[in-house]
Amino acid sequence: MIEADFIIVGTGAGGLVAALQASEHGKVVMITKKGVLDSNSNWAQGGIACVTAENDSIEKHVSDTLIAGGGLCKEAAVRTIVSEGPARIADLVKWGVDFDQREAKDGHLEFDLTKEGGHTARRVLHAADATGREITEKLLAAVRGKANIKIYENHYAIDLITTAKLGLVSEDRVLGLYVLDETTGDVHTFRSDRVILATGGCGRVYLYTTNPRVATGDGVAMAWRAGATVSNMEFIQFHPTCLYHPQKRSFLITEAMRGEGARLIGKDGQEFMHRYDKRGSLAPRDVVARAIDHEIKKTGGPCVYLDISHKPADFIASHFPNIQKACLEVGIDITKEPIPVVPAAHYQCGGVLTDVNGATTIRGLCAVGEVGCTGLHGANRLASNSLLECCVTAERAVAHLLKKMPPGKKSEQSYELRPWEVSGVVENDELVVIYHNWDEIRRLMWDYVSIVRTNKRLQRAAARLRNLKREVQEFYWNNRVTSEILELRNLVETASLIVECAIRRHESRGLHYTLDFPHTDDSRPPQDSTLRRY
């Protein structure tokens with residue numbers, strides 16, 4: 001058994017910030033199912049939104065976030081996260097993060113802020129077009145400098161251990177988790193009264209996504225199985241501009257490019273966004289994604305195009321070096337020609353229901369970043385608010401756990417954790433079944449539960465997912481656990497939660513657009529889609 005004062009699942013921005021904060025108060029264990037840099041945070045291009053300019057204000061940032069959120073943001077959470085942003089930016093700089101700067105008129109250096117869709121001011125800090133990589137690499141370096149933080153790579157968190165799962169009737173609280181060592185195949189018990197999920201999102205539920213291979217909804221599925229409440233999973237943000245090319249299926253073209261003047265055009269070379277929204281190419285992502293989806297269906301073309309070639313070549317090279325390099329690798333010179341783009345699943349706005357501290361409905365369990373649902377994003381995330389949420393809620397989660405469950409304080413009861421049960425299972429010799437089910441889930445979610453939905457499509461998805469869940473559960477219980485089985489199990493669980501929430505919402509709001517209910521329901525205050533297991 002491996003014991004720690006804090007266990008953190010995930011090594012993205014939220015997990016790394018939490019680890020650094022927690023390391024001041026005890027032993028920290030970090031678990032990641034692949035390598036430490038395999039995370040959504042590391043893939044983030046655009047930046048982190050925060051009020052730092054004199055001509056900007058907290059009120060403006062709060063207002064922009066509320067408008068984008070379609071009436072479902074929790075204003076208190078929005079105000080807290082936005083207000084605490086500058087302090088968390090200072091922490092990042094302290095830990096070595098090097099945001100781009102420029103010389104101001106009076107000669108001093110200031111952050112080189114950019115603007116993205118939905119923002120009324122330049123407030124997005126960035127490091128060229130690889131902000132996530134800069135943040136995660138610098139945070140990881142700081143984590144590696146802490147002797148009391150131990151990282152377990154290639155360790156897959158299987159399930160949470162709670163008092164309820166032990167059959168006890170006391171207050172439901174987390175006690176640890178079972179973890180698969182992928183290199184040996186052994187399952188170990190990790191014990192702690194303080195567990196933070198920072199597992200990222202679920203983009204791989206869909207056939208087309210900007211997310212890395214690891215984004216399979218693990219944290220949401222684990223928390224749900226443990227009895228935590230889940231909310232607003234129907235709100236999946238589709239990024240409007242993913243590179244359309246067979247050699248780079250998951251390559252994101254950052255929204256910051258549109259913020260710097262790139263224009264969306266059809267195959268006829270003409271701009272089309274003004275027909276859908278007065279903000280044109282800088283409309284919020286849900287509007288742009290639906291517009292692109294409509295243009296593709298209307299024209300019969302496979303994609304639309306993003307054109308920044310009217311900007312000077314040196315400007316493009318300095319602002320978007322990684323995008324320029326990636327496009328050149330497939331024969332596209334973005335300084336001279338437009339980029340073929342399509343929408344792709346990008347961000348999960350719902351998740352495990354938490355307060356602004358990341359605290360879930362299970363005592364001792366917190367969820368930070370994309371896996372959690374604080375109410376910041378509502379029905380549609382404002383661009384670049386995600387890394388901000390990671391940093392703020394990670395710091396608050398550690399403070400919350402320290403207050404509620406101080407390390408060193410003896411529990412009223414000592415719970416004996418049972419070892420992982422392996423009797424009766426066999427070695428899996430049918431990987432083809434796993435791969436087939438994996439592909440089927442992703443395709444049915446793309447066909448039936450993507451940008452534009454209908455009741456009939458959602459019901460078809462639900463019916464097939466019920467059958468797939470039974471197949472996957474049978475496979476899970478009868479075979480020795482592997483990362484492939486665990487990912488499939490989490491994938492079908494998360495897909496089912498998305499569909500269930502979507503079926504319950506009889507209106508179009510934010511990222512959830514259905515042809516059967518094309519308007520918002522204004523007959524009552526906006527409602528969250530909240531699912532409780534027990």
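A salt bridge is here a side-chain nitrogen of Lys or Arg within 4 Å of a carboxyl oxygen of Asp or Glu, and the structure holds 38 of them. The model shown is predicted: local features need pLDDT of at least 70, side-chain atom pairs count only at pLDDT 80 or more, and totals for chains, interfaces and linings use all residues. Residues are numbered from 1 along each chain as its sequence is written, and side-chain values use heavy atoms, with hydrogens and water left out.

**Figure 1. Salt bridge between aspartate 56 and arginine 123**. The closest N and O atoms of this pair are 2.8 Å apart. Helices (H or I, at least four residues) and strands (E, at least two) are DSSP runs, numbered from the N terminus. Both partners are buried: the relative accessible area is 8% for aspartate 56 and 0% for arginine 123. Buried means under 20% relative accessible area, exposed over 50%, and partly exposed in between (1.4 Å probe, protein chains only).

Figure 2. Aspartate 277 is buried at 13% relative accessibility, whereas arginine 279 is partly exposed at 40%. Lysine 297 is exposed, at 58% relative accessibility, while aspartate 293 is buried, at 17%.

**Figure 3. A salt-bridge network**. Lys33, Arg213, Asp218 and Glu487 are linked to one another in a network of salt bridges. Side chains of opposite charge can pair when their charged atoms come close.

**Figure 4. Surroundings of glutamate 471**. Glutamate 471 lies in helix α13 (residues 455–478) and is partly exposed, with a relative accessible area of 35%. Beyond its neighbours within four places in sequence, glutamate 471 is in contact (heavy atoms within 4.5 Å) with Asn437 and Arg464. Arginine 489 is 18 residues away from glutamate 471 in sequence and 9.8 Å away in space, C-alpha to C-alpha.

**Figure 5. The second largest pocket**. A pocket is an open set of points on a 1 Å grid over the protein atoms alone, where a 1.4 Å probe fits, with protein on both sides within 12 Å along at least five of seven lines; lining residues have an atom within 4 Å of a point. The volume is about 710 Å³, taken as the space filled by probe spheres set on the points. Of the 29 lining residues, Asp159, Trp420, Tyr476, Trp477 and Arg489 lie nearest the centre of the pocket. β9 (155–162), α13 and α14 (483–504) each supply at least two lining residues, and α13 gives the largest share, 5 residues.

**Figure 6. The largest nonpolar core**. A nonpolar core is a set of buried Ala, Val, Leu, Ile, Met, Phe, Trp, Tyr and Cys residues joined through side-chain atoms within 4.5 Å. The largest core has 74 residues, of which Leu177, Tyr206 and Met445 touch the most other members. The largest share of this core, 11 residues, comes from α14. Apart from this core lies another, of 49 residues, among them Ile8, Ala18, Leu92 and Leu401.
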